[in-house]
Amino acid sequence: MDNSSQIDNIVIEYFGLEGDPDYDIMSEQKREYWRNRPNWHFVELSPTTLRFEEVEGFCALLKRCLESYGKKCDRLTEDEIWTKIRLRAIDRFTKVVEGFIQRCRKLSLTSEKLASLVDNHKCASDVEQRFLELAQKFYQSYLQQLQVTGEDDFDGLMQKAAAVITSGQTVFHRKSGTGDLKCLRYILIDEYQDFSKLFHHLIEAIRQQNPQAQFFCVGDDWQAINGFAGSDLRFYQNFAQFFQPSQKLNIATNYRSATSIVDIGNTLMYGLGTPARAHKTIFGTVEIADLGQFNPNLNEQKDHPGDNITPAILRLVNKTIAVPIQMRYNIISRGVRARQRRAPTGVPHVNENRYIKKGKTVVLLSRKNSLPWYVNYGKPTSKHGVLDNFLNLVRSYLPEESRKALTISTAHKYKGLQNDVVIILDAVPRCYPLIHPDLMFSRVFGDSIEQVVDEERRLFYVALSRAVEHLYILTETKNLSPFLEELKSRKRINLLDWLDYPPCVGSIQHITVKVGNQAGKGGNGTYAIRDLLNAEGYRWRTIGWSAWCCTYPAQDFSIQQYFDNAQWISHACGIEVRFYDDLENMLAKYHVDYGQFIPVINNLSEVDLNINPW
Ligand SMILES: Nc1ncnc2c1ncn2[C@@H]1O[C@H](COP(=O)(O)OP(=O)(O)OP(=O)(O)O)[C@@H](O)[C@H]1O
C-alpha cells in the first residue's frame, strides 16, 4: 500500500475463524477497541466475503475500500509478498520442525524407526502428511549432520552414555574426583513424573552394571506437564513394573499452601489420586476476578485504552503487594489523625488497623509467552520477551521499593516454585486448555487432544498450587476455562468485588496544594491572605479551579504538618484547600474557617483502600 497520502491510520483485520464463539467474542472486542480510537479506520474482512467474492473480487473490494480512505494500492508480486513474510513464516515452521526432531531424539529413533512409525500412522489431513514427509527428511539430515561433524546434542550424549555403560565402562571422571557407577549404593531421582525413555535407558544401563543400587524416585503425577517435550508418565504410573522389588509411599501432606488453596487443588484433581492434606492451618483466600465485571475508571481508561487486563492486574497487585510508599502512608495516617482530632462528628472514622502487612510477594502466571493483543506494554524495555516487558509496565506503576516483590512467569516455568500471592492471568478456554494447532504435527508420536487436555488440567493444577496464601484467578465469567467451570460446579469460589480493589494511584512524586475560595462565600477569602500566600511561594492560577497553587515534594508530605506550618491559616476564612497528586487526582479537600481546618468528603478513601488489609 502506498502510504504517501497518509491522512489517517487503517487497520485491516481478517476474521478468519468467524462462527467460533470464543473467537467471535474477541472479534467484537477488537471492533469495539478500534471504534473508540480517533483517526483509526477499521476494515474487516472474513471468509464469507472471500467465499462470495472469490480471490479477485476480494482483492478488488479491499482495494476500493482502501482507496475510499485516500490510499493508493499497488498489488505486490508473489515474490515481494514472500520477502515480506519470510522471516515470520520460517520462524513458525522452524519451531515445529525443531520440536519434532527433539521428540524423535527423546525416543531414540533412527531414521528407519521414524519411517516405520510414519508408515503405520494414519494422517488426518494432507497438511499432516506433507509435513511428515518433510520432517522425515529434516530428521535424516539432522542425524547425518551430527555424524559428519562429530557434534552431538544432549539427547545424543545421553544415548552414548547409556551405550558406554552397557559396554561395561562404569568408571567416570569429574573435576571433583573419580567414581564408579558400580559402587553407587543409592540413586535419587527427582521429578520422576517427567521421566523419558532416554533417561530410562540410562538408568537401565546403570542397573545392569550395578544390580545392588537402590533407587529412590520422587514425583507427582498431578504435575506431569512436559509430555509435549517427550516426558512419558508411563514410567511413573508403572513404576513397580520397572523397579522390582519396590515399595510405593504416598506423600500426601502439603506443607506449602493454606487450606483453601490445597482444597481447590484437590477439587480440580478429584478422582485422580489421593487428595493432599494441608499442614498449614491458615485458611488463605481463593478468589475469582471477573474481567467482565471490571469497570476501569477514567484515569485507567486513559492510561490503558481498550485494555482492561492491565488496570485490573494493577488493582490486584496494588492491594496485595501493598507496601504503599511511605509518603502515601504519611498523607493518610497523619491526615486521618488530623481528621480524628479535629473533625466534627459525622466524618467517617478510618480504622488504622487495616493498614499494611508488608512483605508479600506476588507472581503473575501466564499460560502463554504472550498477552492478549490489546495489552499495550509500550516500548519494549526488556529483551527477554513480552512477559518481561509487561512486568516492567506493571512495575512502573508501583512504588520503587515494592517493585521487586512482583514477578512474572509462565505456568510451566514456575513449576517447583511458590509465592505468597499468585495471580493466574488467563483462566479462559483459549488458555486452559490450550490446544495448539500444531498438535497435528505430533500425532504420529501418539499425541491426542485428550492427552493434551489432561496435561493442561495438570498445568492448571501446577499454577493453582504455587500459591502459599492467596490465589486470584483472573477470568471472564462468561468465558470461563472449562477447568474453572468444573471447579465452580464442585465448590463455591468467592467472586471478588472490584469495589474492594480500588484503582492504583501510582507512584506520587509531588503534591500540589491549591488554596481557593469556598463556593458561595465570595472572593474575599483568598484576597485577604494573598500576600501571605505569595510569600510562601504560591502563585495564582486560573486554569480549572481558580486558586493559589504551590507544589511540594511528596516525600514525607503530611497534611497535618502542612496545616501546622501554614502561616496564612490563622487569617483564613471561607477558604477551600485541595491536595492533588501528579496526575491531577484530588487526594483531599479541606475547608478552613477562622483558622480551623476541617476535612470535607474527599478521594483519600481511594488511597486509603490501597493499604493492604491483611
Ligand atoms: N517437613 C516440612 N515441614 C515444613 N515445611 C516443609 C516441609 N517440607 C517441605 N516444606 C515446605 O513446603 C514447601 C514445598 O516444599 P518442596 O518444594 O520441597 O515440595 P515439592 O514436593 O517439591 O513441591 P512441588 O513439587 O509442588 O513444587 C516449601 O516451602 C518447603 O519449605
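The legends below describe several close-up views of one predicted model.

Residues are numbered from 1 along each chain as its sequence is written. Because the model is predicted, local features are reported where pLDDT is at least 70 and side-chain atom pairs count only at pLDDT 80 or more, while totals for chains, interfaces and linings use all residues.

**View 1. The chain and its domains.** Domain bounds, which come from an automatic or database domain assignment, divide the chain into domain 1 (9-75), domain 2 (79-149), domain 3 (154-249), domain 4 (285-323 + 358-500) and domain 5 (510-608). The C-alpha centres of domain 3 and domain 5 lie 73 Å apart. The chain has 20 helices and 20 strands, where helices (H or I, at least four residues) and strands (E, at least two) are DSSP runs numbered from the N terminus. Of its 614 residues, 30% count as buried; a residue is buried if 20 or more other C-beta atoms lie within 10 Å of its own, exposed if 12 or fewer, and partly exposed in between, with C-beta atoms placed from the backbone.

**View 2. The surroundings of the ligand.** Asp220, Gln223, Tyr255, Arg256, Gly416, Gln418 and Ser465 surround the ligand, each being counted as near if its C-beta atom, placed from the backbone, lies within 6 Å. Sorted by class, this shell holds one nonpolar, four polar and two charged residues; Ala, Val, Leu, Ile, Met, Phe, Trp, Tyr, Cys and Pro count as nonpolar, Asp, Glu, Lys and Arg as charged, and the others, Gly among them, as polar.

View 3. A nonpolar core is a set of buried Ala, Val, Leu, Ile, Met, Phe, Trp, Tyr and Cys residues joined through C-beta atoms within 7 Å. The largest one has 63 residues, of which Leu365, Ile423, Ile424, Leu464, Ile473 and Leu474 touch the most other members. This core draws at least three residues from each of domain 3 (154-249) and domain 4 (285-323 + 358-500). Leu464 is one of the buried residues of helix 15, and what covers those buried residues includes helix 10 (259-268), strand 10 (362-366) and strand 13 (467-475). Leaving aside neighbours within four places in sequence, Leu464 is in contact with Ile261, Ile264, Gly265, Leu268 and Leu471, a contact meaning that two C-beta atoms, placed from the backbone, lie within 7 Å.

**View 4. Helix 12 and Val394.** Twelve of the 13 residues of helix 12 are buried, so this helix is largely enclosed by the rest of the structure. Among the buried residues are Ile313, Leu314 and Val317, and these three, together with Leu406, are touched by Val394 when residues up to four places away in sequence are not counted. Val394 itself lies in helix 14 (residues 386-396) and counts as buried because it has 20 C-beta neighbours inside 10 Å.

**View 5. Backbone details.** Most residues other than glycine have a negative phi, and most peptide bonds are trans. The peptide bond from Gln244 to Pro245 is cis, with omega near -10°, and Pro245 lies in the loop between helix 9 (239-242) and strand 7 (253-254). The bond from Tyr432 to Pro433 is also cis, with omega near 5°. Glu54, placed in helix 2 (residues 47-68), has a positive phi near 60° and counts as exposed because it has 10 C-beta neighbours inside 10 Å.
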